[in-house]
Each structure stands twice: as C-alpha cells, then as structure tokens.
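Please look through the sequence and the structure shown here before reading on.

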Amino acid sequence: MSASGGFLLVLAIMLPAGGVLVAVATGGRIARLAALALLPCGLVLAVAIAALIRTGGVPLEYRVGGWAPPLGVALRADGLSAVMLLITAIVIAGIALFARDYFPADAPDETERRAPFVFWTLLMGLWGALNAVWLGADLFNLYVALELLTFGAVPLVSLDGKPDTLRAALRYLLFALIGSVLYLLGVGLIYGAAGTLDIAQLAAMPHTAPVFAIAAALMTAGLLAKTALFPLHLWLPPAHAGAPAAASALLSALVVKGSFILAVRLWFDALPGAMGPASAQLLGWLGAAAVVFGGAMALRQQRLKLLVAYSTVGQIGYLFFLFPLAFGAAASDPAAWRDLAWTGGIMQVVAHAAAKAAMFMAAGLIGEALGHDRIDGFGGLARALPVTVFAFGLAGMSLMGLPPSGGFVAKAMLLTASVAEAQWWWAVAILAGGLLAAGYLFRVLGPAMAAAAPGAPPVAEIPLRRQAVVLGLAVFALLLGLVPLRPSPLLDIGRATPPLVLAR
Amino acid sequence: MSAATLYGLLACALVGIGLYGLAVRPEPLRKVLAFNLLGGGVFLLFGVFARRGAGAGFAGDPVPQALVITGLVVSFAATALAIALVLRLRDETGDAALDAGDGKAE
C-alpha cells in the first residue's frame, strides 16, 4: 500500500474531471484537444496501476484526506479494478480516435458546434465517473459515481435533439433514477444496521440479519434497471440505437458495465453470504432469458443499429451467469470451478466492451456511407467498405463465441464451469445464445456480401483512417482470445476469499 | 411511539406513494414529481438512522446527515436534467408524452 500508488488512484479520477473543467471553462474546440490529450495519460496511468498491483500482489488503497473509514472515504484498486481501468482506457481511446472525424471541429452553425462540445466534455466526464466506479470502496461514494455515470450518459443519447431521441433519453433517465433511488434506500438500510459503508469493513462483519438481504435485494434491483437486464431492458434499444455511433459505443461498451460491476462488488465483496444460492440462481435465469430474448429480438430487426442494441441486451445476459456459477450451487463444488466462472464472467465484460464498441462504430460508418442503416439495402457494401465489414465480422466472432476471440474465452470458461458444477442449464443458454448471435450476424453479413442491386445509390467514401480505428478495436477483441483458459491470478488479487465459499 | 418510529413510518409512506406514482402515472412530469417524493422518503429514512444510530452520548449521528446533503444535490441535479428534457421535448413536439413515438415509422 505505497503512498505513490495511492496517488495514482486519485489521478485516475481527477485527470478526466480536470479535463471536464478545462472544457467547460474554455468551451469550443479546446474540449476535443483536452480529451485527445488525456488519452495517452489515461492509458499510461491504467497500465501503471495494473503493473503495481500485479507486482505487489496486494490492492492499492488511498484514504482521501487521510481520514480512515468509516468516517473517511477510501479509494481501493484490486485486480478487478485494474482490469476495468485498462479496458476503459483502451476502449475510450478507440472511441475518441473514431470520433475525431465523426464530430468535425468547425461546423458552420451553432447547434452543430454544440453537439461535439457536449460529446467531448461528457466523454471525459464518463471516463472519470467510470474510474470512480472501479475504484470506489464506499457504497455511498459509489452511489455518487453511479449518478455521475447516468448524468453523463443521458445527454449523449439525445445529442441530435430530435423528439425520438429525447424520448429515449427521458425514458433512460427515469429508469436510471428509479434504479439509483432503490440503491440509495439499500445504502441507508445498511448504514442503519452496520454503521459503516466501507466495503472492506462490511465484508468483515457478519451479515446474516434479514435487513442485509433486504438491502442487497433493493440495491440489486436498482442496479439491474441501470444494467438493462431483462425484463428491465426496455429503455436500452431506443437509447443505444438513437445516439450517434461514437456515443452508442461508449454507452453499450462501458456505461452499462458500471452498474454491473457494482452489483458484483455488492454480492461478492461487500455482503458475501447476505444473498443465498436461490437468489443467485434467479439472477442467472434472468440472464438466460435476456440471452434468448435479446438474440431473438436482434434477429427480427430491420435496422442495423437496433440489431446491435438488442445484441447488447442479449450479451448482458451472459454476465449474470457469473452469479450462480461463482457462488456454486453446492458447497461441494470445487473452488477452482467457481474461480474459473469468476474469471469467465469478468472476461465477458472485457470482451463485450471491445467487440461492441467496434461493432457500433462499424454500424456508424455503414450508416454514414449508405445514408441509411436498413439491412435489406446493404447490397454491395462489402465491396465498397471491405475494411469496415471485415471489422464488423471480427467483432461478431467475439459475440458468437467463435475461437480465437475474447468472447470465445469468456464463454468457454463459463461453459466449463457450468458443466463442472453440474449446472448444465446455463450451458444450454450459452450455446443457444451463440447460435442466435450467429444468426443475426449472418443476417447482416449475407446482404453485405451480395452484389449491389442495379440502380442502387452510390456508397459514399469513408477515409481509410477511420475504418482502421474500428478494425483496430475489432482485432483487439480477437486478440483477447489469447488470454489463457484458466482462472486469472490478476483478477484474484484483493479477493477476500478467492475460492468463494457461501456462508450458509 | 417514539419520534424515530413516527418518522420511519412517514418515510415508508412517502416511498410507497413515490413508487406508486412512478409505476402508474404515464406523464413524465408526474413521474419526476413521484421520484422526488420517493427520494424525500429515502432521505427521511437517513434522518431516522441518524437518530437511532447515535451512540456515545451524541444527540445524532452526523454521517447520515452528510449523506443526505450529498443525496439532495444529486437528486436536485437529476430533477433539473429531467425537467430540461421534458421542456425540450415539449418545444419540439408540442406535448411531452413518453409514448407518442413508439412504433411510429420514420
């Protein structure tokens, strides 16, 4: 717990926050410059924090103002935080490089200059909020980080100011507000019962009293609304499909993961044992329903961005297999399998972030080149935009779970754990989800490979540089397939009980 | 009945009214108002915990009060954002219904 390491945690939150202040104070094109200048700083910072944790083998901690919990608020980085900091920095770098040309710096009229300014400012704001979620060690501080995330995400949905996206943004905001107030109610109950909100202190005390289960249930329900787990997904497709491509990538790849990781922290770090195996199974079933429903709805969409948004609904479902599998159905399940499920679940977060960001950006380029995103009008696309369609396909491999890709590693680990723990029903859902994903991706790639319809309007040119950014992220999603198929030692750093044992 | 119990029951009532309004009322403005009632109930609950949790001879635990102040700021910002979206929606379409655009062809 070196002091210098702790300082890095503060920087990870304060650098993007400082960027927001600079952008708001100066306005205009400085916002874009500030965001682009932050990219290398953020990457270096994330790598440095991960390296310190990896070599030290213990979490980094920083006590703000020198006050110890429970009065003070701590920042804490364990292996999970390090992985999330890294993937956030990488995906945000990809999105920012893509958006550099997406939002031209000097648009003629006032409203068109406003959208880029808002985008670049909120990009930095969301980065800071995400880092605050990964690093928070206090349940109330995490509530504030979660709200920052919502306030940054909602305006991105309605950047174009059209009525449809305004409705989508408002619906998103209302879902998110219900979610956060339920979370806050749970925080209040926990404080009333335990007198502390520090995650490590909560973990150290017994929490079999019913009030902890009620609080955890309220908080989980709130977080599910923000994560858009079926059946609380209603806000997601219009919001993610309506936003500009760069913003959709940010929302789908990273923002929904913030509340998911918070749910993981609540269940496994703060209140291990407050929730029984039955509730873990319930979360898994909701996840399975999301996988099937999201995949089936994606198959039926006529427009590419809606298809990709429904694919997010399905892929979020996979994340929730983490709960039943990492808890284990029976205490007799070997710890190694539960640990494998833990790594697999987090790997799915990482792989989906990279693949979905690439996919939304590819969808954005396709929409720009054709002037529409109706799938039945995609003839001749592969000939006109080979790099973009190739990137779309590579990202799709990860969603399907084809080897070698990050999605394959994640799904293989979850699959192995579900078979080894004799919870075969998750294996059925994982395989069915892969088939559905293959179905909806070929529905896009098929027309794209076909010859252009005679008399079809010409496809606009897209600079190769912009297509290369999308391809870069898609290749990164593929390279994640090189991660070894075993429990990750980095992800186990800072876990109180690496082989999770249920208290009951 | 102690003051803490009374305030606790009031908080429960506010939370219930707020949840009912959010679930049943279709108009966005009413939903925002219901969210504020719900938030008010939760904040009142924090006040109850401040009184009940006070130990060591203090009249009240200051931590929940600090949390409530932060929560008020957050919920004020949320309300402002929601109202801004509702106003903009009304400016664009003439009414602020959430469901008008659903299923509408473009």
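Is Cys41(A) buried, partly exposed or exposed? In this predicted model, Cys41(A) counts as partly exposed, because its relative accessibility is 36%. Cys12(B) also falls in the partly exposed class, because its relative accessibility is 48%. A disulfide is a covalent bond between the sulfur atoms of two cysteines. A search of the whole structure, over all chains, finds zero disulfides.

The next topic is the interface between the two chains. Here 38 residues of chain B are in contact with 31 residues of chain A, and the two chains bury about 3,000 Å² between them, 81% of it on carbon and sulfur atoms. Phe49(B), Leu85(B) and Leu98(B) supply 18% of the area that chain B buries against chain A, which is more than any other three residues. On the side of chain B that touches chain A, the elements that give two or more residues are α1 (3–24), α2 (28–52) and α3 of chain B. The largest share of that side, 16 residues, comes from α3(B). Sorted by class, the side of chain B that touches chain A has 25 nonpolar, five polar and eight charged residues.

Side chains of opposite charge can pair when their charged atoms come close. Arg88(B) forms a salt bridge with Glu92(B), and the closest N and O atoms of the pair are 3.3 Å apart. Arg88(B) counts as partly exposed because its relative accessibility is 38%, and Glu92(B) is partly exposed with a relative accessible area of 38%. In chain A, salt bridges that share partners join Asp78(A), Arg265(A) and Asp269(A) into one network.

Over all chains the structure holds eleven salt bridges. Among them is the one between Asp164(A) and Arg167(A), whose closest N and O atoms are 3.4 Å apart. Both residues lie in helix α6 (residues 163–194) of chain A, three residues apart, about one turn of the helix. How do the two partners stand in accessibility, buried or partly exposed? Asp164(A) is partly exposed, because its relative accessible area is 33%, whereas Arg167(A) is buried, with a relative accessible area of 7%. Another salt bridge joins Lys162(A) to Asp160(A), with 3.7 Å between the closest N and O atoms, and Asp160(A) counts as partly exposed because its relative accessibility is 39%.

The last stop is a residue of chain A in a loop. Gln301(A) is found between α11 (277–300) and α12 (304–319) of chain A, and this residue is buried because its relative accessible area is 11%, under the 20% limit for that class. Which backbone atom lies 3.0 Å from a polar atom of the side chain of Gln301(A)? That atom is the backbone oxygen of Met297(A). Leaving aside residues up to four places away in sequence, Gln301(A) touches Leu306(A), Leu307(A), Tyr310(A), Ile375(A) and Arg443(A).

Terms used:
Residues are numbered from 1 along each chain as its sequence is written. Chains are lettered from A and ligands numbered from 1 in the order in which they are written. This is a predicted model: local features need pLDDT of at least 70, side-chain atom pairs count only at pLDDT 80 or more; totals for chains, interfaces and linings use all residues. Side-chain values use heavy atoms; hydrogens and water are left out. A salt bridge is a side-chain nitrogen of Lys or Arg within 4 Å of a carboxyl oxygen of Asp or Glu. Buried means under 20% relative accessible area, exposed over 50%, partly exposed in between (1.4 Å probe, protein chains only). Helices (H or I, at least four residues) and strands (E, at least two) are DSSP runs, numbered from the N terminus. Contact means heavy atoms within 4.5 Å. Buried area is the accessible area (1.4 Å probe) that two parts lose on being put together, summed over both. Ala, Val, Leu, Ile, Met, Phe, Trp, Tyr, Cys and Pro count as nonpolar, Asp, Glu, Lys and Arg as charged, and the others, Gly among them, as polar. A disulfide is a pair of cysteine sulfur atoms within 2.5 Å. A polar contact is a pair of N or O atoms within 3.5 Å; within protein, one must be able to donate a hydrogen and the other to accept it, and residues adjacent in sequence count only if both atoms are side-chain atoms.
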